[in-house]
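Work through the exercises below with the model open. Try each task before reading its solution.

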Amino acid sequence: MLADQAKRRLPIGVQSFRKLREDHCHYVDKTGFVLQLVREGTHYFLSRPRRFGKSLLVNTLKELFEGNRELFEGLQAERGWDWSVRYPVVRLAFGRGN
């Protein structure tokens, strides 16, 4: 195990891809699947149980579409994404209201 990996913490409760990467938390690279979702699909319904990573997935997509390449260094998305193009992101959150 590398010394850098030994110091990483588990991202319990972290829903921000930026915070996860900037705080050097443990992260299993799923950005290859994110690229596959973007390229192959048109509409998705995310029906996963509570606390199962939906918010982190949506936040990862946001960072990808906004072109924040520095967050994806060393991950599959860094090599497989066109970083010269940025996309507008609109995010509606219903988790804090009635």
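This is a predicted model: local features need pLDDT of at least 70, side-chain atom pairs count only at pLDDT 80 or more; totals for chains, interfaces and linings use all residues.

Numbering starts from 1 along each chain as its sequence is written, and side-chain values use heavy atoms, with hydrogens and water left out.

**Exercise 1.** State the secondary structure of the protein and the order of its elements.

Solution. Count first: five helices and zero strands. Helices are DSSP runs of H or I with at least four residues, strands are E runs of at least two, and both are numbered from the N terminus. The order is therefore α-α-α-α-α.

**Exercise 2.** Describe the charged side chains of the protein.

Solution. Place each charge at NZ of Lys, CZ of Arg, CG of Asp or CD of Glu. The protein has 18 positive and 11 negative side chains, with the centres of the two sets 8 Å apart.

**Exercise 3.** Check the span of α4, then locate its buried residues.

Solution. Helix α4 covers residues 54-65, twelve residues. Take 1.5 Å times one less than the number of residues. Next, list the buried residues (under 20% relative accessible area, 1.4 Å probe, protein chains only): Leu56, Leu57, Asn59, Thr60, Glu63 and Leu64. Seen down the axis of α4, they fall within an arc of 165°, so they line one face of the helix. The arc is taken from the directions from the helix axis to the C-beta atoms. Their cover includes α2 (17-22), α3 (31-40) and α5 (76-80), by contact (heavy atoms within 4.5 Å).

Note on methods. Lys and Arg count as positive and Asp and Glu as negative; His and the chain ends are not counted. Buried means under 20% relative accessible area, exposed over 50%, partly exposed in between (1.4 Å probe, protein chains only).
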